[in-house]
Amino acid sequence: MINEVCILLLFIVLGSVLLYGVKITNSCSDFFDKNWSLALKGLCCIIVILVHIPSEHSTRLQNLIGSFAFVAVTIFFMISGYGLSVNKNRKGYMQHFWRNRMVALIIPMLLINVVSEIVNLISGVTDHIIYNLFAINGFVLMITACYAIFYIVYQFGSLNDQMKGIITCLGILVLSISAFLFEKFIPFIVWPVPCLGFIYGMLIADNRTQIIEVLNKQKIVDAKTILLILASIVIGGGYAKAKHIFFWGSYVLRAFLAIALIVLLIKITAHIRFESKTALALGTISYEVYLSHVIVIDLFTSYCGSLNSGMYVVGVVVVTLVLSYIIHKVDQKIMVQVRA
């Protein structure tokens, strides 16, 4: 019981941080702005930590929340797809696309690889040092593949933007299905279904004005919200029963469940303006949290394995946030120097 209480208190604190200072607005003009995206990323990065907690330290509540990690990662891809679509026509954006995008991905990853290798050396692990220092995270590989499809398609000046968007979305879909089919054979492929979020982000960017017009006419909680909740429950139940079924359960229903939950999340939060500086700071370091939490989990497993599950999870989250904040401060200073 004490373990579940610890997890519950952790999310009460995080929820308070996220919701502190929020304002309910009549207009949804803040939908998908920087603050909205950062608040969402801050929540999602904590969920991703929970899915990787070792089974010997798992609790029912942590497992329940962590089971939504694939939705959280879908949102990361979605925000990336949205950002690229919104900025693609900005002066100089595509010209410096690869330099700026890869700097933002690679520098934090390499810094965290260095930290990971230092931890390994302290623990007496001296194997594969060079490989570990330059190891590429699976998420980085998948998002880079999405970037590549996006960039290549948008080099064809003879196509209009609508056709470019369609081709890009089809390319991401092919990438997603291919990654799913070969996931068991290629060890560094991860998140084949969540990468579909890149498509959702592009579609939202291209139709943001119309979406806001629809959302402005609705309340946070109404009949449509209830229907979305019921649809999520039905699809979730179907997925729970059929997730062992190849492709239909493990891909199709999984993707539809993510869509239903994301639409529900958008419906609930579109009228909310997030203003908590702490919540926005959490979103700012979400990428570093995603990359570094495995290091902290390994450390806690090695040196704090005797902790009860609740304290273990809380400790992992707190230390991950502190470590990620420090790494973020360092990588930002480097990125300012090398970005175009």
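The model is predicted, so local features need pLDDT of at least 70 and side-chain atom pairs count only at pLDDT 80 or more, while totals for chains, interfaces and linings use all residues. Residues are numbered from 1 along each chain as its sequence is written, and side-chain values use heavy atoms, with hydrogens and water left out. The largest nonpolar core has 98 residues, and the structure holds five salt bridges.

**Terms used throughout**

- Buried means under 20% relative accessible area, exposed means over 50%, and partly exposed lies in between (1.4 Å probe, protein chains only).
- Helices (H or I, at least four residues) and strands (E, at least two) are DSSP runs, numbered from the N terminus.
- Contact means heavy atoms within 4.5 Å.

**The nonpolar core**

- A nonpolar core is a set of buried Ala, Val, Leu, Ile, Met, Phe, Trp, Tyr and Cys residues joined through side-chain atoms within 4.5 Å.
- In the largest one, the residues with the most contacts inside it are Phe 31, Ile 46, Phe 77, Phe 139 and Phe 198.
- Helix α4 (residues 69–87) gives the most to this core, with twelve residues.
- Leaving out residues up to four places away in sequence, Phe 198 touches a set that includes Phe 77, Met 78, Leu 84, Ile 143, Tyr 147 and Phe 150.

- Ala 279, Leu 280, Leu 282 and Gly 283 are buried in helix α13 (residues 277–284).
- These residues cover an arc of only 155° around the axis, which puts them on the same side of α13; the arc is that of the directions from the helix axis to the C-beta atoms.
- Lys 277 and Thr 278 are exposed, on the face of α13 turned away from its buried side.
- Among the elements covering the buried residues of α13 are α1 (2–19), α2 (34–51), α14 (286–303) and α15.

**Salt bridges**

- A salt bridge here is a side-chain nitrogen of Lys or Arg within 4 Å of a carboxyl oxygen of Asp or Glu.
- Arg 60 and Glu 4 join their side chains in one of these, at 4.0 Å from N to O. Arg 60 lies in helix α3 (residues 60–66) and Glu 4 in helix α1, so the pair ties together parts that are 56 residues apart in sequence. With 72% relative accessibility, Arg 60 counts as exposed.
- Glu 275 pairs with Lys 23 in another salt bridge, where the closest N and O atoms are 3.9 Å apart. This pair links distant parts of the chain, 252 residues apart: Glu 275 sits in the loop between β2 (272–273) and α13, and Lys 23 in strand β1 (residues 23–24). Glu 275 is partly exposed at 34% relative accessibility, and Lys 23 is partly exposed at 42%.
- Asp 206 and Lys 88 also meet in a salt bridge, at 3.9 Å from N to O. Here too the pair links distant parts of the chain, 118 residues apart, with Asp 206 in helix α9 (residues 197–206) and Lys 88 in the loop between α4 and α5 (97–122). Asp 206 counts as partly exposed at 41% relative accessibility, whereas Lys 88 counts as buried at 11%.

- Val 318, Val 322, Tyr 325, Ile 326, Val 330, Ile 334 and Val 338 make a nonpolar surface patch of about 570 Å².
- Patches are made of residues with over 30% relative accessible area and no salt bridge, with like charges joined within 9 Å and nonpolar side chains (Val, Leu, Ile, Met, Phe, Trp, Tyr) within 5 Å. Accessible areas come from the Shrake-Rupley method with a 1.4 Å probe, and for residues only the protein chains shown count as cover.
- Tyr 325 belongs to helix α15 (residues 309–338) and is partly exposed, at 45% relative accessibility.

**Single residues worth a look**

- Phe 247 lies in the loop between α11 (223–242) and α12 (248–269). Apart from residues up to four places away in sequence, Phe 247 touches Ile 177, Phe 180 and Val 252.
- Most residues other than glycine have a negative phi.
- Phe 32 has a positive phi, near 65°, and is found in the loop between β1 and α2. At 3% relative accessibility, Phe 32 is buried.
- His 128 also has a positive phi, of about 55°, in the loop between α5 and α6 (129–133). His 128 is exposed, with a relative accessible area of 60%.
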